[in-house]
Amino acid sequence: MNERVLKGTEVISRVCLGTVFGYAGALKLRDPQPFADSIHSFALIPNTWINPVALDLPVLEIFLGLLLLLGLRKRACACLAATLSIIFAVALAQALMRGLPVDCGCFGAGAASAWKTPLALARDIGLTALAIFVARHVTERNV
Amino acid sequence: MTVQKFSSGLTWSGDLLFICALIIVSGAVGRVINGWRAQPLPSPYVNKSERLEQSVQPIAAARISTAEAVEMPASAAVVTDDLSLKEFQEFVKTGRGVVLDARPEIFYRLGHAPSALSLPRETFDKAYAGLRRKLENDLTVPLAVYCSGATCEDSELVQKALQKIGFTHVAVFRGGWTEWTAAHLPEERLP
């Protein structure tokens, strides 16, 4: 594929990832309690871990978003974005399979609903694909 | 120039180290920000039901201490029926009781069932303080609580809290706002 097109796609993917992670982190950081409730609804991690995750993850997402937007440490950030997206997707998929009424909490408070979970799962798969593309492009071109 | 320097010629171990450092820094910043909050998140996690229980206890205790002032019929039985859409619609239409919206206030502002009062689960104690006089005149008045829809638990939690305070007729409309709007029924909004 044309090098320019690839470079352009990488930049667009990075900006998309950075915007989504930064925005999601900012919304959750503003009010972490609903996010902690969302994590609890997944019934995946012990109660002692819920609030630390609810406090730390939004900050990590904001830093990750900023670094991706600025184009700093692109490969590391893309790998971390892919890892986080995979973790979110696995959490959502297991909730769907177990029939848990979860609110993904991806963008702050919300109510659990039957259609939102598959939509969030699809979004996470899309984000994973974008992050993998950025990581691969950076590795192959060493840019 | 700086950007290129940061992003080129990196090793996988360098990336891994960077990710670990980012996670540690994020954790530290997260804790510092939590320390600055007016209401920091406690550790360990306290679930919705327990938080509501904690905020209801002082209200229930205060009401019991003034119970003599509020006459309660000795025969008042606790009624906790679920309302279907049709029953809830009738309840709203006839105005035979008080309709309570247990969703966060922002959603109440955007649209609620006609004549419904806002009593969010998350800020129950503050919202209840504003409704106290109106509601505690008669603890046997029928109350109907709703939240977002069938999967939300807020209406049920608010129902339990109201029962703990002493209300005897607290019903839940499980279909909630989703079912109400899907049926294209009238709604009110706040500016």
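## Nonpolar cores

Of the 43 residues in the largest nonpolar core, those that touch the most other members are A:Leu17, A:Ala54, A:Leu64, A:Cys77, A:Ala78, A:Ala81 and A:Ala131. A nonpolar core here is a set of buried Ala, Val, Leu, Ile, Met, Phe, Trp, Tyr and Cys residues joined through C-beta atoms within 7 Å. Five helices of chain A each supply at least two residues of this core: α1 (3–30), α2 (32–41), α3 (47–70), α4 (74–98) and α5 (116–141). Apart from this core lies another, of 36 residues, including B:Leu100, B:Cys152, B:Ala161 and B:Ala171.

This is a predicted model, in which local features need pLDDT of at least 70 and side-chain atom pairs count only at pLDDT 80 or more, while totals for chains, interfaces and linings use all residues. Residues are numbered from 1 along each chain as its sequence is written, and chains are lettered from A and ligands numbered from 1 in the order in which they are written.

Burial is judged by C-beta atoms placed from the backbone: a residue is buried if 20 or more others lie within 10 Å of its own, exposed if 12 or fewer, and partly exposed in between. Two residues are in contact if their C-beta atoms, placed in that way, lie within 7 Å. Not counting residues up to four places away in sequence, A:Cys77 touches A:Leu64, A:Leu67 and A:Leu68.

## Chain A

Chain A has five helices and zero strands, and its pattern along the sequence is α-α-α-α-α. Helices (H or I, at least four residues) and strands (E, at least two) are DSSP runs, numbered from the N terminus. The radius of gyration of chain A is 16 Å, close to the 15 Å that the globule rule gives for 143 residues, so chain A is as compact as a globular protein of that length. That radius is taken over C-alpha atoms, and the globule rule is 2.2 Å times the number of residues to the power 0.38. The C-alpha trace of chain A spans about 45 × 25 × 20 Å along its principal axes.

Of the 143 residues in chain A, 47% are buried. Among the contacts of chain A between residues at least 6 apart in sequence, 75% join residues at least 24 apart.

## Two alanines of chain A

A:Ala120 lies in helix α5 of chain A and is buried, with 23 other C-beta atoms within 10 Å. Leaving aside neighbours within four places in sequence, A:Ala120 is in contact with A:Leu92, A:Cys104 and A:Cys106. A:Asp103 is 17 residues from A:Ala120 along the chain, and their C-alpha atoms are separated by 9.6 Å.

A:Ala43 is found in the loop between α2 and α3 of chain A. The phi of A:Ala43 is positive, about 50°, although this residue is not a glycine. A:Ala43 counts as exposed, with 12 C-beta neighbours inside 10 Å.

## Chain B

Chain B has eight helices and five strands. Along the sequence they follow the pattern α-α-α-β-α-β-α-β-α-β-α-β-α. Buried residues make up 32% of the 191 residues in chain B. Of the contacts in chain B between residues at least 6 apart in sequence, 69% join residues at least 24 apart.

Two loop sites in chain B have backbone features to note. B:Ser43 and B:Pro44 are joined by a cis peptide bond, with omega about 0°, and B:Pro44 lies in the loop between α2 and α3 (48–65) of chain B. B:Ser115 is in the loop between α5 (105–110) and β3 (117–118) of chain B. Phi of B:Ser115 is near 70°, a positive value in a residue other than glycine. B:Ser115 counts as exposed, with 11 C-beta neighbours inside 10 Å.

## Where the chains meet

Between the chains, 30 residues of chain B are in contact with 31 residues of chain A. On the side of chain B that touches chain A, α1 (2–7) and α2 (12–36) of chain B each supply at least two residues. The largest share of that side, 12 residues, comes from α2(B). The residues of this side divide into 15 nonpolar, 12 polar and three charged. Ala, Val, Leu, Ile, Met, Phe, Trp, Tyr, Cys and Pro count as nonpolar, Asp, Glu, Lys and Arg as charged, and the others, Gly among them, as polar.

α4(A) and α2(B) pack at an angle of about 60°, with their axes 9 Å apart. Axes are lines fitted to C-alpha atoms, for helices over the stretch in contact, and angles run from 0 to 180 degrees between N-to-C directions. In this contact, A:Arg75, A:Ala76, A:Cys79 and A:Leu80 in α4(A) meet B:Asp15, B:Phe18 and B:Ile19 in α2(B). By class, the contact has five nonpolar, no polar and two charged residues.
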